[in-house]
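I opened this entry to keep track of what I looked up, sheet by sheet and then residue by residue. The structure comes below, and my notes follow it.

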Amino acid sequence: SSMEVFNAPKGFKTVYAEVDRNIVRNEEGGDVISRDYFYMEEDGTYFFEVQDQTTGLSYEVTVTKDTVRPDFYVNIAKGTAVPTYNSPDIARVDIYKNNYLMTNPDISRITGKGNYVMYVYDEAGNIASVYMNVNVVK
């Protein structure tokens with residue numbers, strides 16, 4: 001995700017913010033930051049309270065910023081590639097064999113001679129990939 005700024009809707013101000021449960025202070029050290037934007041500089045869970053400047057009604061918004069690529073590796077031995085997924089939020093895996101997208105591939109074990117590209121996506125839309133050549137060993 002390339003999201004860097006939270007913008008309160010027109011006519012609203014951000015009156016409270018937390019990052020990973022840590023209160024964001026204003027320049028004077030108070031809890032109320034009272035502005036219409038907020039820079040989200042690092043990955044984490046952001047909680048905002050925004051207030052309608054006309055009615056005074058407040059609304060809560062939670063945003064998770066995740067820019068970390070999925071973590072996985074592939075071990076290739078004896079004509080078989082076995083991926084290990086270390087990220088808990090894997091959403092999708094696409095595997096191309098000899099430049100063609102495989103339909104319903106086994107994402108836990110890749111067998112068969114060929115050139116493969118594996119694309120691994122997490123829930124935030126981050127992507128990691130690996131190119132591999134699998135040879136059949138007799």
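Predicted model: local features only at pLDDT ≥ 70, side-chain atom pairs only at ≥ 80, totals over all residues.

I began with the open sheet of three strands, whose order is 7-8-11 and whose pairing is antiparallel; strands here are DSSP runs of E with at least two residues, helices are runs of H or I with at least four, and both are numbered from the N terminus, while two strands pair if DSSP finds at least two bridges between them. At its edges I found strand 7 (72-77) and strand 11 (110-111), each with a single partner strand, so one side of each is left without a neighbour in the sheet. Between strand 8 (residues 80-85) and strand 11 I noted two bridges in the antiparallel sense, and A81 has I110 as its bridge partner in strand 11.

Residues are numbered from 1 along each chain as its sequence is written, and side-chain values use heavy atoms, with hydrogens and water left out.

Staying with strand 8, I looked up T80, which is found in that strand. Is T80 buried or exposed? At 17% relative accessibility T80 counts as buried, where buried means under 20% relative accessible area, exposed over 50%, and partly exposed in between, with a 1.4 Å probe and protein chains only. Leaving out residues up to four places away in sequence, T80 touches N75, R109, I110, T111 and V134, a contact being heavy atoms within 4.5 Å.

I then turned to Y100, placed in strand 10 (residues 100-101). Y100 counts as exposed, with 64% relative accessibility. From Y100 to V117 I read 17 residues in sequence and 9.5 Å in space, C-alpha to C-alpha.

Next came the open sheet of four strands, in the order 3-2-5-6 and with antiparallel pairing. Strand 3 (22-23) and strand 6 (58-65) are the edge strands, each pairing on one side only. Strands of a sheet pair through backbone hydrogen bonds, either parallel or antiparallel.

I followed the pairings across this sheet in order. Strand 2 and strand 3 are antiparallel over two bridges, and E18 stands opposite I23 in strand 3. These strands form a hairpin with two residues between them, and D20 in the turn has a positive phi of about 50 degrees. Strand 2 is joined to strand 5 by seven bridges, again antiparallel, with F48 of strand 5 as the bridge partner of A17. Strand 5 (residues 44-52) pairs in turn with strand 6 over eight antiparallel bridges; in strand 6, V61 is the bridge partner of F48 and T64 that of T45. The hairpin of strand 5 and strand 6 has five residues between the strands, and G56 there takes a positive phi near 80 degrees.

How many residues of strand 2 are buried? I counted seven of the eight residues in strand 2 (residues 12-19), so strand 2 is largely enclosed by the rest of the structure.

The largest nonpolar core has twelve residues, including F6, F12, A17, V19, F38, F48 and V63; such a core is a set of buried Ala, Val, Leu, Ile, Met, Phe, Trp, Tyr and Cys residues joined through side-chain atoms within 4.5 Å. Strand 2 and strand 5 are the elements that give two or more residues to this core. Apart from this core lies another, of eleven residues, among them F72, A81, Y116 and V134. For V19 I listed contacts with V24, F38, T45 and Y46, not counting residues up to four places away in sequence.

My last entries concern the protein chain as a whole. Its secondary structure comes to zero helices and 13 strands. Buried residues make up 32% of its 138 residues. Of the contacts between residues at least 6 apart in sequence, 48% join residues at least 24 apart.
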